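Good morning, colleagues. I would ask you to keep the structure on the screen while I speak.

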There are 2 protein chains.
Amino acid sequence: MLGVTILGNNSALPAFDRHPTAQVITLDDQLFLLDCGEGTQMQLARYKIRWGRINHIFISHLHGDHYFGLPGLLNSMGLLNREHDLHLYAPEPVYQILMLQFDAAHSKLPYKLHFHPLTDECVLVKTERWQVTCFPTKHRIPCFGFKFEQIKPPRRVNPENAVRYEIPASFYDRLKWGESYTNKKGDLVDNAWVTDPAPRPNSYAYCADTIYDEELIPRVKGVDLLYHETTYLKDLAERATARFHATTVQAATIAKKAGVGRLLIGHFSSKYDKLDIFEQEAREVFGNTSLALEGVTYKV
Amino acid sequence: MLGVTILGNNSALPAFDRHPTAQVITLDDQLFLLDCGEGTQMQLARYKIRWGRINHIFISHLHGDHYFGLPGLLNSMGLLNREHDLHLYAPEPVYQILMLQFDAAHSKLPYKLHFHPLTDECVLVKTERWQVTCFPTKHRIPCFGFKFEQIKPPRRVNPENAVRYEIPASFYDRLKWGESYTNKKGDLVDNAWVTDPAPRPNSYAYCADTIYDEELIPRVKGVDLLYHETTYLKDLAERATARFHATTVQAATIAKKAGVGRLLIGHFSSKYDKLDIFEQEAREVFGNTSLALEGVTYKV
């Protein structure tokens with residue numbers, strides 16, 4: 001399962017109850033946080049996301065609307081007595097800023113924070129089941145996009161067969177990952193008898209803040225779901241370029257040329273109170289486009 | 001006129017749609033911001049406060065729930081093309097943190113930010129009409145309270161007389177501050193003919209985060225309105241002391257011993273979902289007590 005839950009879809013200036021950028025990525029049993037604008041911890045609470053389960057946080061770049069919620073979130077995780085490790089992937093200066101903030105508060109996190117500075121295009125973290133890579137985008141300051149990929153998706157439990165072989169529900173999770181079951185009598189129940197093959201692996205790419213840049217195309221080629229910013233409507237292409245942002249038509253063009261499954265658009269300028277036209281404009285170029293709406297989970 | 005508008009009344013962990021500490025003080029024609037927890041800029045927008053008019057921001061101490069909203073607010077003021085100077089009074093390390101954040105974003109504020117580090121008990125800013133002083137409170141880290149005082153409150157325009165003397169409404173503000181009016185014929189209308197004497201000066205003291213501390217009493221003696229934190233109910237006095245916080249009964253005791261006009265209590269722990277009992281407990285010791293409720297303006 002791959003899902004993207006939007007916590008904030010607005011650009012720099014919060015407006016119309018739209019919040020700065022933050023997304024939660026669900027990849028099978030993993031939760032990742034992607035960017036962390038001011039108020040992200042409140043948004044996580046609002047949408048009842050079990051954020052104790054987030055073990056990896058990725059920050060694309062150091063404009064405030066993408067990370068000013070980070071110190072508060074890390075603090076609150078500490079106040080809630082988190083003890084398990086947390087991994088933070090972000091541009092280098094974040095670390096010094098956080099350390100100064102913790103020092104000033106005389107506070108020490110009760111969990112281990114592992115900091116991984118973003119420097120080049122690379123695999124940031126890889127397990128048997130999934131991986132996350134980063135790639136540069138073209139913005140006013142150093143900025144990174146991220147790609148989340150299943151490597152080995154879970155098999156599907158066939159509930160009828162599982163019941164017939166008297167496999168307890170508590171073992172289903174292990175079935176998904178390919179284990180066979182030995183029952184109380186010592187008989188082996190082969191995994192293949194009670195599961196169906198895994199579907200093909202899914203992928204999600206997040207292009208952060210970026211100018212229209214065809215170099216992104218090979219990097220996000222063929223992903224199931226692509227997030228591309230659309231700070232402006234198509235009539236403001238010049239302003240978008242001047243500010244290293246993109247328009248609806250530009251985002252949809254990247255989606256089309258990269259042959260992705262579905263396009264998600266967001267990072268709307270606070271000059272717009274209504275969003276429908278963003279979707280209309282993008283769909284003229286790439287049909288399978290959706291607005292990134294706060295509180296909604298987009299599943300692949 | 002002296003008013004205190006509550007933007008956040010909760011302690012460290014946001015909960016129950018209660019926000020971390022922030023207050024707006026209205027003193028005649030001035031707006032001050034007092035502490036700036038995460039999300040303060042959203043709260044300012046929610047309660048339609050004209051925050052372009054805030055020229056002085058006071059930060060009591062560097063626990064995140066009192067200042068993590070500051071960089072976002074300063075940034076947004078820039079995005080809204082603020083050009084007039086802003087004064088920030090805060091513990092020293094804030095400045096380095098902000099400078100690192102601005103550097104990382106390659107951003108430069110379009111207005112001048114004057115930083116005034118808090119060091120000792122002193123007058124922070126004084127004009128003919130009002131002054132703000134700070135005083136230390138006892139908390140886990142260096143922490144300051146603030147006192148806002150009218151020095152010369154505005155006189156009251158007598159509308160009947162002002163109309164009789166044909167004084168244009170646009171001149172009323174100058175009447176309040178004691179000016180006399182010269183009409184088109186060149187006749188002087190003496191200020192005293194069209195205004196009533198000013199009421200006595202008002203004052204507000206904010207004790208930030210603090211343990212029960214009788215040294216506060218002389219500092220806040222006789223103010224019209226006192227804010228004192230009540231992180232806990234009276235049964236948790238031990239926990240309050242251990243964490244350098246205060247209870248309802250302790251806050252009310254300070255108010256009573258200092259002979260203040262009215263007590264405002266806040267900084268409620270997120271362990272409490274209902275607040276009524278805070279008011280009840282405090283009122284048993286000091287009758288004129290009110291809960292600091294978000295969005296409400298408490299006037300003197």
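Two strands are taken as paired here if DSSP finds at least two bridges between them. With that criterion in place, I turn to chain A of this predicted model. Seven of its strands form an open sheet with mixed pairing, and their order across the sheet is 7-8-9-14-15-16-17. Which strands stand at the edges? They are strand 7 (122-126) and strand 17 (289-291) of chain A; each has a single partner strand, and therefore one side of each lacks a neighbour in the sheet. From one strand to the next, the twist averages 20°.

Within this sheet, please look at strand 15 (residues 225-229) and strand 16 (residues 262-266) of chain A, which pair in the parallel sense over five bridges. There, A:Tyr227 has A:Leu264 of strand 16 opposite it. Two helices pack on the sheet. Helix 9 (residues 248-258) of chain A touches strand 15, strand 16 and strand 17 of chain A, and the direction of helix 9 makes about 150° with that of strand 15 of chain A. Helix 10 (residues 276-285) of chain A touches strand 16 and strand 17 of chain A, and its direction makes about 165° with that of strand 17 of chain A.

For a view of how such a helix is covered, I move to chain B. Helix 9 of chain B comprises residues 248-257, and seven of its ten residues are buried. Among them are B:Val249, B:Ile254 and B:Ala255. What covers these buried residues? The covering elements of chain B include helix 7 (216-220), helix 10 (276-285), strand 15 (225-229), strand 16 (262-266) and strand 17 (289-291). Just after helix 9 of chain B comes B:Gly259, with a positive phi of about 60°.

Chain B also shows a second sheet. This open sheet has seven strands in the order 6-5-4-3-2-1-18, and again the pairing is mixed. Its edges are strand 6 (113-117) and strand 18 (297-299) of chain B; because each has a single partner strand, one side of each is left without a neighbour in the sheet. The twist between one strand and the next averages 20°. In this sheet, strand 4 (residues 54-58) and strand 5 (residues 86-90) of chain B run parallel and are joined by three bridges. B:Ile57 stands opposite B:Leu88, a residue of strand 5 of chain B.

The corresponding elements of chain A may be taken next. Strand 4 (residues 54-58) of chain A pairs with strand 5 of chain A in the parallel sense, over three bridges. A:Phe58 has A:Tyr89, in strand 5 of chain A, as its bridge partner.

Two backbone details deserve a remark. A:His106, in the loop between helix 3 and strand 6 (113-117) of chain A, has a phi near 50°, a positive value in a residue other than glycine. A residue counts as exposed if 12 or fewer other C-beta atoms lie within 10 Å of its own, and A:His106, with 11 such neighbours, is therefore exposed. B:Lys48 also has a positive phi near 50°, and is found in the loop between helix 1 (40-46) and strand 4 of chain B. B:Lys48 has 8 other C-beta atoms within 10 Å and is exposed.

I close with the larger arrangement. Chain A is divided into domain 1 (2-153 + 199-299) and domain 2 (156-196), and the C-alpha centres of these two domains lie 37 Å apart.

Between the chains, 28 residues of chain A are in contact with 28 residues of chain B. Helix 1 (40-46), helix 2 (70-79) and helix 3 (93-104) of chain A each supply at least two residues of the side that touches chain B. The largest share of that side, six residues, comes from helix 3 of chain A. By class, the side of chain A that touches chain B holds 15 nonpolar, eleven polar and two charged residues.

Technical notes
Residues numbered from 1 in each chain as written. Chains lettered and ligands numbered in written order. Predicted model: local features only at pLDDT ≥ 70, side-chain atom pairs only at ≥ 80, totals over all residues. Contact = placed C-beta atoms within 7 Å. Helix = DSSP H or I, 4+ residues; strand = E, 2+ residues; numbered from the N terminus. Nonpolar A, V, L, I, M, F, W, Y, C, P; charged D, E, K, R; others polar. Domains from an automatic or database assignment. Axes fitted to C-alpha atoms, helices over the stretch in contact; angles between N-to-C directions. Buried ≥ 20, exposed ≤ 12 C-beta atoms within 10 Å, placed from the backbone.
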